[in-house]
Amino acid sequence: MTLEICRKYAPNKDNLIQILHEIQDTHPQHYISAAAVDIVAEYLHVPANHIYGVLTFYTMYSTTPRGRNIIRLCESPPCYIKGSDNILRRLKTVLGVGTGETTKDGAFTLELCACLGVCGNAPVMMINDDVYGDLTEEKVEEIVNKIRGAK
Amino acid sequence: MKYYRSHVLVSINETSLASGVQAFIAALRSELAKHNLSEEINILETGPLGFFGRGISLTVYPENVNYESVKIEDIPELVDEHFLKGRPVSRIMLDTTGKYSPKLNYENRIVLRNSGIIDPENIDEYIGAGGYEAWEKALTQMQPTEIIAEVKKSGLRGRGGAGFPAGVKWGFTAPIEAPQKYVVVNADEGEPGTFKDRLIMEGDPHQLLEGIMICARAVGATKAYIYIRGEYKLCISRLEKAINQAREYGILGTNIFESGFDLDIFIKIGAGAYVCGEETALIESLEGNRGNPRWKPPFPGVKGLWQAPSVVNNVETLANVPFIIAKGADEFIKHGTPECTGTKVYTILGDVAHPGLCEVDMGTTLRTIINEYAGGMKKGFRFKAALVGGAAGVILPDRLLDVKMDFVSLNQYAAVLGSGAILVMNEHQSIVDMLWSILRFFRHESCGKCAPCRNGTQHLYKLISKIRKGEGTMEDVELMQTIAETMFHTSFCALGQSPIMAIRSAIENFRDEFIEITKK
């Protein structure tokens with residue numbers, strides 16, 4: 001699987017970020033395993049430690065398994081002054097996890113992130129590829145429950 | 001060609017997608033079909049409209065009626081009243097005449113002139129609006145030196161924050177003899193509160209491509225990379241479509257317009273690092289490395305991507321170029337001030353009546369922007385301060401509301417225009433709290449390459465946290481200034497040099513708040 005993804009790209013180092021994105025996005029647990037790192041390293045002819053360095057530098061990557069849905073709540077100033085702290089508190093209660101943790105059923109991982117560029121609708125979060133704006137405590141609970149019900 | 005009685009422009013952007021615009025369009029189509037109006041009313045999916053409506057926004061032509069926050073429940077009334085009987089539904093209309101209404105100023109726009117008017121996913125509409133004329137002119141009638149001379153004459157400054165003249169930058173790279181040169185587009189918009197580049201790319205992706213093409217011709221680059229942040233999914237898909245369309249039309253590719261000039265444009269996606277907005281960090285990231293900045297000089301214009309001469313420009317900068325080439329620099333300098341020509345796109349947020357974006361001439365005062373384009377303060381709120389330029393910006397109090405917003409004027413107050421984000425705070429919000437949030441951001445985003453920034457951002461966060469809890473002293477406040485000052489002089493790149501601006505402006509303009517909180 002990993003090698004198939006690699007082969008879509010020319011074996012040049014500048015494709016590394018793209019390849020890692022695709023590996024992570026297609027993995028049900030949204031992460032990049034140590035085994036995958038080795039395969040990419042061999043394919044691109046770069047040391048595994050270089051890849052590990054890249055993985056841990058960028059916030060969108062994870063080296064540990066995560067939930068099926070990744071919640072990324074913005075904590076930058078525009079969202080902060082619109083009350084993203086309250087949203088975070090509610091999300092923690094609703095999900096029963098802390099920041100960076102995954103729910104027991106593997107449905108959600110809660111993360112914080114910097115500006116998502118949708119500040120006109122602060123506070124904002126992304127769940128996977130979808131943006132949710134103008135959040136209120138009630139609204140986030142509704143959103144989470146809706147996703148829970150849909151699976 | 002089919003003729004419709006009326007056109008409904010629906011804004012498709014991150015905001016409206018978040019509000020379920022796709023379901024809305026489907027419902028609107030079926031309601032129109034129910035009334036046999038499908039052949040009379042055309043629904044057009046476009047980019048951000050001329051105003052920043054909340055939720056789903058529509059513009060109906062030829063009446064030019066704007067709606068905002070439209071819901072699926074409103075559709076029957078909308079179709080029945082507006083499309084059947086011709087009576088616009090005032091309940092959901094965006095008021096453009098009232099005291100608190102935002103000004104729409106289409107006549108003054110350069111960068112956003114097509115946004116919300118054409119279908120951004122259709123190259124023909126861009127061409128119909130005069131698109132790619134500048135590219136043809138630049139390629140077939142102008143020499144690279146003439147293009148650079150025109151851009152220099154226009155006085156166009158980089159819109160990413162630093163304000164360096166674009167023509168001068170191009171002039172460094174153009175004369176260098178090299179087997180390969182690149183144009184690199186900085187679309188890694190990460191400054192908190194800024195999303196102008198997203199709206200420019202969503203609303204009119206071809207205009208950016210045209211700007212890139214002209215720049216490439218001017219400096220002799222045959223490859224261009226757009227480095228865009230991974231979160232901007234809609235921008236990425238629209239740009240991909242636009243590039244493919246341009247290739248199909250022979251506007252991109254080999255021997256373009258039989259001029260012998262080759263050019264191709266590629267998209268590269270980021271992975272979430274604020275520091276990658278710094279040009280050399282961005283280049284490192286493009287090469288597949290950690291986004292650590294490089295030592296300058298050599299500047300990217302001399303040794304950039306893969307050590308080849310590379311011009312790095314912001315999205316908004318390049319989006320201005322087609323206008324300059326098509327209409328001429330003289331037309332461009334009619335906008336703005338003599339030292340800072342043209343317009344600037346701002347994103348206005350916080351407690352104003354109409355948060356959103358506007359494009360106004362350089363040198364427009366902060367007061368005008370807030371009062372006229374954002375509709376003033378939200379009802380019941382009083383202005384306290386505005387954070388201008390994002391986290392790397394300054395906090396301005398009301399006595400500086402009449403400062404002209406341009407690179408030169410703001411400099412006199414040790415302030416910066418930065419990316420053009422304006423975050424308005426009301427009288428109940430705490431400056432200390434705001435500063436805490438800014439410093440938390442910097443602590444998280446420091447790349448860790450150089451010690452002053454790596455350690456400094458940690459220290460600053462610790463100090464402001466202590467002060468925020470009421471456990472700090474005025475010595476701590478002074479210490480923050482000293483640390484940030486040291487970081488300014490010793491940090492490797494602009495990230496570590498930035499915190500001083502927010503800290504100094506907060507302490508100078510709102511000293512009382514710091515005295516108050518440290519007294520406890």
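Student: Why are H17(B) and H18(B) called roughly antiparallel to each other?

Tutor: In this predicted model, the axes of helix H17 (residues 451-468) of chain B and helix H18 (residues 474-490) of chain B cross at roughly 165°. Angles over 145 degrees count as roughly antiparallel. The crossing angle lies in that range, and H17(B) and H18(B) are therefore roughly antiparallel to each other. Their axes come within 10 Å, and the crossing is left-handed.

Student: Which residues of H17(B) and H18(B) make the contact?

Tutor: Contact means heavy atoms within 4.5 Å. On the side of H17(B), the residues include Pro452(B), Cys453(B), Gly456(B), Leu460(B) and Lys466(B). On the side of H18(B), they include Asp476(B), Val477(B), Met480(B), Ile483(B) and Thr490(B). The residues of this contact divide into 12 nonpolar, four polar and two charged.

Student: At what angle do H5(B) and H12(B) pack?

Tutor: Helix H5 (residues 133-140) of chain B and helix H12 (residues 315-327) of chain B pack at an angle of about 65°, and their axes are 8 Å apart. H5(B) passes H12(B) in a left-handed crossing. The contact is made by Ala134(B), Lys137(B) and Ala138(B) of H5(B), together with Pro322(B), Ile325(B) and Ala326(B) of H12(B).

Student: How do you know which classes of residue make up the contact of H5(B) with H12(B)?

Tutor: Ala, Ile and Pro count as nonpolar, and Lys counts as charged. By class, the contact of H5(B) with H12(B) has five nonpolar, no polar and one charged residues.

Student: What share of the residues of chain A counts as buried?

Tutor: A residue is buried when its relative accessible area is under 20%. Of the 151 residues of chain A, 56% count as buried.

Student: How many helices and strands does chain A have, and what pattern do they follow?

Tutor: Chain A has seven helices and four strands. Along the sequence, the pattern is α-α-α-α-β-α-α-β-β-β-α. The C-alpha atoms of chain A fill a box of roughly 50 × 30 × 25 Å along the principal axes.

Student: Where do the domains of chain A lie?

Tutor: The domain assignment gives domain 1 (2-57) and domain 2 (69-150) of chain A. The centres of domain 1 and domain 2 of chain A, taken over C-alpha atoms, are separated by 28 Å.

Methods
Residues are numbered from 1 along each chain as its sequence is written. Chains are lettered from A and ligands numbered from 1 in the order in which they are written. This is a predicted model: local features need pLDDT of at least 70, side-chain atom pairs count only at pLDDT 80 or more; totals for chains, interfaces and linings use all residues. Side-chain values use heavy atoms; hydrogens and water are left out. Domain bounds come from an automatic or database domain assignment. Axes are lines fitted to C-alpha atoms, for helices over the stretch in contact, and angles run from 0 to 180 degrees between N-to-C directions. Helices (H or I, at least four residues) and strands (E, at least two) are DSSP runs, numbered from the N terminus. Angles under 35 degrees count as roughly parallel, over 145 as roughly antiparallel, 65 to 115 as roughly perpendicular and the rest as oblique. A crossing is left-handed if the near helix is turned anticlockwise from the far one by less than a right angle, and right-handed if clockwise. Buried means under 20% relative accessible area, exposed over 50%, partly exposed in between (1.4 Å probe, protein chains only).
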